[in-house]
Amino acid sequence: MTSHTVSAAASGTWPLGDLIVNRIGFGGMRLTGSAAFHQGTPSDRGQAIAVLRRAVDLGVNHIDTAAFYFSRLRSANELINSALAPYADGLVIATKVGPARNLSGEWAEPARPDQLRGQVEENLRQLGRDHLDVVNLRVMGQDSISEHFGALAELREAGLVRHLGVSGARLEHLAQAEAIAPVVCVQNQFGLDAPDGEEMLRACAARGIAFVPFFSIAGEGREAGAVRGEHDAVLAVAREHGASPAQIRLAWTLHQGTHVLAIPGTGNPDHLVDNVAAGALRLTEEQFQLLHSIGRSAS
């Protein structure tokens, strides 16, 4: 593939409420280092900023981040602010709240409903914004999210948040949220090796809600990145397209429906270009079914 010539616009578009984004976006988790949070090797700040600017140059207009995406040396929100402020019109920055880390980076108790305003304001300060485009409530093991989502709905009414979504959610969580305020997206783990999210994938399609899978490339490696040996079928399809296995995984993800938005993250400029180019890759039905069967056998 001629990755360097491909814009994120080749992936098509989908709305997040009244905001239209290209279906290939960018995830900020890996901006801080070779692995998320305080794991791995810290990123080079200049390179991370260059990657963000290059992403926007390539047409990426949907960036996913969170205040708890930080390492001992780097903060994803600070990098985004430094690289991209003043923000271009049409650039959508989505963040999430719920999880909490203390100043040493250790995980703390998840936020109570009355603490969510502080988390939203922390994101506002770090990003240098007067409102947040999209805020996802990350479900942290609770059976009911009504009180938490209600607190975010109040912030939406106050103008601090434009649109709301949920992350790590089950169908009952989505129903609870929709009873309180409009939901524009669901962020759940989903990918070739993690097909359990198909029920939510279909539910979002039926509702016209964006489905935003995370760890589509990393799979079970999660925050540490891809750590598995690659499936022979993925390698074979990659050869047929002259593409990388990561690009095939992203293409398979986008093939799930026009409402699916990909947010692959990287601090590597070459990987960024490849990820964006995956939005132009079209699988044949035979290739899709071959890859789809891998996911079923892995489940």
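The legends below describe an overall view and several close-up views of one predicted protein chain.

**Figure 1. Overall view of the chain, with its ten helices and nine strands.** Because this is a predicted model, local features need pLDDT of at least 70 and side-chain atom pairs count only at pLDDT 80 or more, whereas totals for chains, interfaces and linings use all residues. Residues are numbered from 1 along each chain as its sequence is written, and side-chain values use heavy atoms, with hydrogens and water left out. Helices (H or I, at least four residues) and strands (E, at least two) are DSSP runs, numbered from the N terminus. Along the principal axes, the C-alpha atoms fill a box of roughly 50 × 40 × 35 Å. Of the 299 residues, 56% count as buried, a term that means under 20% relative accessible area, with exposed over 50% and partly exposed in between (1.4 Å probe, protein chains only).

**Figure 2. Residues 221-225, where pLDDT stays under 50.** The term pLDDT denotes the predictor's confidence in each residue, from 0 to 100. For the chain its mean is 91, and 92% of the residues reach 70 or more. Over residues 221-225, the model has 14 contacts beyond four places in sequence, a contact being heavy atoms within 4.5 Å. Where pLDDT is low, the predicted coordinates should not be read in detail.

**Figure 3. The cis peptide bond from A85 to P86.** Omega for this bond is near -5 degrees. P86 is found in the loop between α2 (76-84) and β5 (92-97). Most peptide bonds are trans.

**Figure 4. A177 in helix α5 (residues 171-178).** A177 counts as buried because its relative accessibility is 0%. With neighbours within four places in sequence left aside, A177 is in contact with I145, F149, V166 and V183. The C-alpha atoms of A177 and E147 are separated by 9.5 Å, although these residues are 30 apart along the chain.

**Figure 5. L201 in helix α6 (residues 198-207).** L201 is buried, since its relative accessible area is 6%. Apart from neighbours within four places in sequence, the contacts of L201 are F190, F211, Q256, H259 and V260. P213 lies twelve residues from L201 along the chain, and their C-alpha atoms are 9.1 Å apart.

**Figure 6. S216 in the loop between β9 (210-214) and α7 (232-241).** With a relative accessibility of 7%, S216 counts as buried. Not counting residues up to four places away in sequence, S216 touches F190, G191, R249 and T253. From C-alpha to C-alpha, S216 and L31 are 17 Å apart in space, and 185 residues separate them in sequence.

**Figure 7. Helix α8 (residues 245-254), which is mostly covered.** Eight of the ten residues of α8 are buried. These buried residues are Q247, I248, R249, L250, A251, W252, T253 and L254. Two of them, R249 and T253, are touched by S216. In an α-helix there are 3.6 residues a turn, so residues three or four places apart point the same way.
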